[in-house]
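Please keep the sequence and the model in view while reading the points below.

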Amino acid sequence: MHVITLASRKGGAGKSTLTAQLAAHAYTLGRRVHIIDADPQGSLKLWHSRRPNGQPTLSTPERGIDRPLAFAMIEGAEFVFIDTAPTMWVVVQEAMRAATMVVIP
């Protein structure tokens, strides 16, 4: 499972937009994709609510990043995209540690 975290300490850098676009593209290519919206602003939740089929799946890390990652693995996700807040909160640090790749826009 590939975990791609988008992180930047600057707000408005395009983390949520890139996360949505990368995840949607991977999904249209037939990949099993899961998104974790770790940004309290919730932009990805709004984007996801407007998707006609509710795909790719989305979760939020209320209790840390490990639980949604475990569920994604159980669901058989090939790619997990994590959108983070523009801070260095613990959840952001966990998302960066769990990543196989960190994208910094």
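Two strands are said to pair if DSSP finds at least two bridges between them, and in that sense the bridge partner of Ile35 in β3 is Leu58. The model described here is a predicted one. Its strands form an open sheet of five, in the order β3-β2-β4-β1-β5, with parallel pairing.

**The sheet and its edges**

- β3 and β5 (101–103) stand at the edges of the sheet with a single partner strand each, so one side of each is left without a neighbour in the sheet.
- Neighbouring strands of this sheet are turned against each other by 20 degrees on average, direction ignored.

- Why can strand β2 (residues 33–38) be called largely enclosed by the rest of the structure? Six of its six residues are buried, so the strand as a whole counts as largely enclosed.
- In a regular strand, the side chains alternate between the two faces of the sheet.
- On the β4 side, six bridges join β2 to strand β4 (residues 79–84), with the two running parallel, and Val33 stands opposite Phe79 in β4.
- On the β3 side, three bridges join β2 to strand β3 (residues 57–59), and this pair likewise runs parallel.
- Together with helix α2 (residues 43–49), β2 and β3 make a right-handed β-α-β unit.

- Ser59 lies in strand β3 and has a relative accessible area of 17%, which is under the 20% limit, so it counts as buried.
- Leaving aside neighbours within four places in sequence, Ser59 is in contact with His34, Ile35, Ile36 and Asp37, and also with Pro68.
- Ser8 is placed in the loop between β1 (2–6) and α1 (15–28), and at 13% relative accessibility this residue also counts as buried.
- The side chain of Ser8 reaches the backbone nitrogen of Lys10 at 3.2 Å.
- When residues up to four places away in sequence are not counted, Ser8 touches Ala13, Lys15, Thr84, Ala85, Pro86, Thr87, Ile104 and Pro105.

**Nonpolar cores**

- Which residues make up the largest nonpolar core? It has 11 residues in all, namely Val3, Ile36, Ala38, Ile65, Leu69, Ala72, Ala77, Val80, Ile82, Ala95 and Ala99.
- The elements that give two or more residues to this core are β2, α3 and β4.
- Ala77, one of the residues of this core, touches Met1, Arg32, His34 and Ala72 when residues up to four places away in sequence are not counted.
- A second, separate core consists of nine residues, among them Leu6, Ala20, Ala26 and Leu44.

Terms used. Residues numbered from 1 in each chain as written. Predicted model: local features only at pLDDT ≥ 70, side-chain atom pairs only at ≥ 80, totals over all residues. Heavy atoms only, no water. Helix = DSSP H or I, 4+ residues; strand = E, 2+ residues; numbered from the N terminus. Buried < 20%, exposed > 50% of the residue type's maximum accessible area, 1.4 Å probe, protein only. Polar contact = N/O pair within 3.5 Å; in protein donor to acceptor, adjacent residues only side chain to side chain. Contact = heavy atoms within 4.5 Å. Right-handed = clockwise from strand over helix to strand, strands pointing away. Axes fitted to C-alpha atoms, helices over the stretch in contact; angles between N-to-C directions. Core = buried A, V, L, I, M, F, W, Y, C linked by side-chain atoms within 4.5 Å.
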